[in-house]
Amino acid sequence: MEIFLENIELFLRYTVEICTFLMEFFGIIVLVFTAIKCFVGWIKHDSNIRLNLAQGIAIALEFKMGGEVLRTVIVREWTELGILGAIILLRGLLTFLIHWEIKNEEEALAKEQLKGN
């Protein structure tokens, strides 16, 4: 029975590590794709570039934060949990600020479009 539980724990640890890696990798892919897309938009003088960049960064941060939340499943020590908690808090604050920036940018674009009509 003890060997069975150790195998389940090992399976869970590897599953969480793989899923954490995938979540963080998806965040990186979203961020790089957004950066390239926004760079092309900057070259074309797109007026929505700030909004698109902020939305891409927010999505990438949410993927990265999801990876950190998954990582809490396999934490064994309080110091690790404290570090993960601090990382999650910082990423949460960044996400909040970016969503605030998105809201302000959407309002600015709406005002700009009203002036144009």
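Student: How are helices α1 and α2 oriented to each other, roughly parallel or roughly antiparallel?

Tutor: Two packed helices are described by the angle between their axes and by the distance between those axes. In this predicted model, the axes of α1 (residues 2–43) and α2 (residues 49–71) come within 8 Å and cross at roughly 170°. An angle over 145 degrees counts as roughly antiparallel, and α1 and α2 are therefore roughly antiparallel to each other. The residues of their contact comprise 15 nonpolar, eight polar and four charged.

Student: Which residues does Thr20 touch?

Tutor: Thr20 belongs to helix α1 and is buried, with a relative accessible area of 3%. Leaving aside residues up to four places away in sequence, Thr20 touches Gly67, Leu70 and Arg71.

Student: What is found in the loop between α1 and α2?

Tutor: His45 is found there. His45 has a positive phi of about 60° although it is not a glycine, and at 72% relative accessibility it counts as exposed.

Student: How many salt bridges does a search of the whole structure find?

Tutor: The search finds seven. One of them pairs Arg71 with Glu24, the closest N and O atoms being 3.4 Å apart. This pair links distant parts of the chain, with Arg71 in helix α2 and Glu24 in helix α1, 47 residues apart. Arg71 is partly exposed, at 30% relative accessible area, whereas Glu24 is buried, at 15%.

Student: Where do Glu68 and Arg91 lie?

Tutor: Their side chains meet in a salt bridge (3.3 Å, N to O). Glu68 lies in helix α2 and Arg91 in helix α3 (residues 78–116), so the pair ties together parts that are 23 residues apart in sequence. Both Glu68 and Arg91 are buried. Salt bridges with shared partners join Glu24, Lys64, Glu68, Arg71 and Arg91 into one network.

Note on methods
Residues numbered from 1 in each chain as written. Predicted model: local features only at pLDDT ≥ 70, side-chain atom pairs only at ≥ 80, totals over all residues. Heavy atoms only, no water. Axes fitted to C-alpha atoms, helices over the stretch in contact; angles between N-to-C directions. Helix = DSSP H or I, 4+ residues; strand = E, 2+ residues; numbered from the N terminus. Parallel < 35°, antiparallel > 145°, perpendicular 65-115°, else oblique. Nonpolar A, V, L, I, M, F, W, Y, C, P; charged D, E, K, R; others polar. Buried < 20%, exposed > 50% of the residue type's maximum accessible area, 1.4 Å probe, protein only. Contact = heavy atoms within 4.5 Å. Salt bridge = Lys/Arg side-chain N within 4 Å of Asp/Glu carboxyl O.
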